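Morning, everyone. I'd like to walk through one model today, starting with a ligand and then turning to the aromatic rings.

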Amino acid sequence: MQVKVVIGTIAFMLTMIILGYAALREPERLEHFTAAREGRTVETGAKLFFDNCATCHGVDGTAQECYDSLGNSIACQGLPLNNYFLVCGDTPARLEQTLFEGTKQQFIERTVAAGRSGTAMIAWSERYGGPMRDDQVKNVAAFVLNFANEELCAAEPISFNWPESVDDFFVMETEDFVAAPGDPENGAAVYTSFACNSCHGNVEEAGSNQIGPWLGDIEEVGATRVEGQTAVQYVYNSILHPNDYIAPDCATGPCIGPPSAMVQDLAFRMSNNPQDMVDLLAYLIGE
Ligand code: HEC
Ligand code: HEC
């Protein structure tokens, strides 16, 4: 009888020790589990990305190298997603530019789910007639967010300090940049390389605009848009700060915004070579 009690007590104590140990290990186990699940989410997202998004956003998400389904190199139509201003920090600059209130995860999930109307970025969620389930939208968004690694986010890319006044810009002389007289020929090339033509059409051909206003007469109408702004100041502002003023008439009706449907990151993208801005203005305004 006594032996049974002793055995029973020992068995009970052993059980408690094992349970206690398991309980202590639980957070660690959960952490492992969560990390594994996140890993799987990103992995599933990667496959979805290569199958559906890389044709426009590039094989590494930088929108520099794109291929069609036959493997031919084609021009990338999408914006860079593997990009400091979209994924780094708690509130990336892109959210502020588009006046988005929410987290970057929400920004990317919503953009993928609902698309951007009037652009090549279709709605991907079934809820909006697209091909993806909710979990797939989440997974591919997780993959995009995962571009935010230490290397990309270590330091803010150098961004040119655009003067407010275009006249100050034209006479700028700093260590990195000395403005040269505008070259309209290069300006025409810039107009195409920054895909202005995809929305604003050919300046030689009225009505060729698809999304934004036609810019063939911007030299005249630009001077009438904002009180106190010359045409060249207005165009300079429109490129750097598209949300400040919304033009009245777009290709298919009144322009929407703010936020403007115009690309929002030209101030960053043109920072690599500010002379492009001088040349572009020379092309559009003849200055
Ligand atoms: C047919 C080309 C195309 C495909 C395919 C495509 N996109 Fe896009 N995407 C675009 C374009 C163009 C834009 C910019 C739209 C605009 O002007 O605002 C864009 C914008 C985005 C943005 C917002 C970027 C920003 O800085 O605001 C995200 C995020 C995005 N795409 C993710 C995806 C994902 C994820 C997929 C795949 C499921 C995908 N895209 C497939 C063309 C495409
Ligand atoms: C994705 C489409 C898109 C691209 C690409 C784009 N824009 Fe725009 N742009 C718009 C839309 C839409 C508007 C009208 C809304 C507004 O005023 O912001 C606009 C407005 C403008 C205006 C004001 C026009 C007016 O009639 O008042 C100028 C100037 C302009 N864009 C210049 C450019 C230049 C230069 C580029 C290339 C460096 C460019 N845009 C690229 C869509 C685009």
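A residue counts as near a molecule if one of its heavy atoms lies within 4 Å of it. Keep in mind that this is a predicted model.

Let's take ligand 2. There are 27 residues around it, and C196, C199, H200, Y234 and M262 come nearest. By class, the shell has 22 nonpolar, four polar and one charged residues. Helices α10, α11, α12 and α14 each supply at least two residues of that shell. Helix α12 gives the most, with four residues.

Now the polar contacts. A polar side-chain atom of R225 lies 2.7 Å from an oxygen atom of ligand 2. The backbone takes part as well: a polar backbone atom of A247 is 2.7 Å from a ligand 2 oxygen. For Y245, the distance from a polar backbone atom to an oxygen of the ligand is 3.4 Å.

On to the rings. How many aromatic pairs are there? The count comes to 18. Take F85 and F268. Their ring centres are 3.7 Å apart and their planes sit at 10 degrees, so this pair is stacked. F85 lies in helix α3 and F268 in helix α13, so the pair ties together parts 183 residues apart in sequence. F85 is buried, at 11% relative accessible area.

Y234 and Y245 form an edge-to-face pair, 5.7 Å centre to centre, with 80 degrees between the planes. Y234 is in helix α12, and Y245 is in the loop between α12 and β3. Buried or exposed, what is Y234? Y234 is buried, at 6% relative accessibility. Y245 is partly exposed, at 31%.

How values were computed. Residues are numbered from 1 along each chain as its sequence is written. Chains are lettered from A and ligands numbered from 1 in the order in which they are written. This is a predicted model: local features need pLDDT of at least 70, side-chain atom pairs count only at pLDDT 80 or more; totals for chains, interfaces and linings use all residues. Side-chain values use heavy atoms; hydrogens and water are left out. Rings of Phe, Tyr and Trp (its six-membered ring) pair if their centres lie within 6.5 Å; planes under 30 degrees apart count as stacked, over 60 as edge-to-face and the rest as tilted. Buried means under 20% relative accessible area, exposed over 50%, partly exposed in between (1.4 Å probe, protein chains only). A polar contact is a pair of N or O atoms within 3.5 Å; within protein, one must be able to donate a hydrogen and the other to accept it, and residues adjacent in sequence count only if both atoms are side-chain atoms. Ala, Val, Leu, Ile, Met, Phe, Trp, Tyr, Cys and Pro count as nonpolar, Asp, Glu, Lys and Arg as charged, and the others, Gly among them, as polar.
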